[in-house]
Amino acid sequence: IAWILDRALGDEMTTIYSKRELMKIVEEHEGSKESDVDEDEKRIIKGALSYSDKTAKEIMTPRTVVYALDAETQIDDKLLSEIVRKGFTRIPVYKDRLDNIVGLLFAKDLIGLKTHVLVENLCQKSTLEVNETILLDELLNLFIKNKKHLALVRDDYDGLSGLVTLEDILEEIVNREIIDETDRVSDMQKLARKGVKKHDN
């Protein structure tokens with residue numbers, strides 16, 4: 001009878017679930033004793049399903065708390081100590097004003113530096129710039145394609161809105177803050193809302 005029905009009605013249509021339905025299924029599995037989907041797996045699956053709906057503006061470090069250096073600043077022992085204290089591995093370098101980013105200073109390039117030089121002479125000139133509205137899945141592909149870990153986020157008037165990193169996107173996917181031994185602040189957006197400035201521009 002089943003064979004006759006298959007021949008008469010054709011193959012059964014494949015069920016397609018929306019993201020919301022898939023997340024609901026994951027939650028139901030996590031809450032069931034018979035399921036082997038645990039809390040961490042549920043959190044990561046939900047993050048992977050939802051991160052592509054978010055924009056760079058939603059997760060970026062706002063410009064008010066961006067730590068940046070003037071291109072004409074001389075790298076001396078005081079500045080080196082400050083950079084170590086801040087704990088950032090990539091530092092935007094600007095000329096005249098923060099909106100005019102001319103490159104990135106990599107903290108690793110300062111290791112063993114014996115002579116005092118200008119920041120501009122050590123910074124990498126190649127930068128990745130994106131609009132505030134770019135979706136995170138597209139931004140992740142840009143990071144991978146361009147082999148970058150940090151992007152400058154621009155508003156519609158080409159002003160600097162903030163910075164977004166590969167780590168920021170990974171945090172959205174795993175649904176958890178990734179804090180290493182150099183991090184001084186876990187939530188830069190929360191810091192920005194408090195009005196604390198990290199640069200002297």
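Tutor: α7 and α8 cross in a left-handed way. That label applies when the near helix is turned anticlockwise from the far one by less than a right angle. Helices here are DSSP runs (H or I, at least four residues), strands are E runs of at least two, and both are numbered from the N terminus. The model is predicted: local features need pLDDT of at least 70, side-chain atom pairs count only at pLDDT 80 or more, and totals for chains, interfaces and linings use all residues. Residues are numbered from 1 along each chain as its sequence is written, and side-chain values use heavy atoms, leaving out hydrogens and water.

α7 and α8 pack at about 135°, with axes 10 Å apart. Axes are lines fitted to C-alpha atoms over the stretch in contact, and angles run from 0 to 180 degrees between N-to-C directions. L136, L139, L140 and F143 of α7 meet L166, I169, E172 and I173 of α8. Contact means heavy atoms within 4.5 Å.

Now the core. The largest nonpolar core has 17 residues. Such a core joins buried Ala, Val, Leu, Ile, Met, Phe, Trp, Tyr and Cys residues through side-chain atoms within 4.5 Å; buried means under 20% relative accessible area (1.4 Å probe, protein chains only). L139, F143, A151, V164 and I169 have the most contacts inside this core. α7 gives the most to this core, four residues. A151 touches L139 and F143, among others.

Terms used:
Buried < 20%, exposed > 50% of the residue type's maximum accessible area, 1.4 Å probe, protein only. Lists of a residue's contacts leave out its neighbours within four places in sequence.
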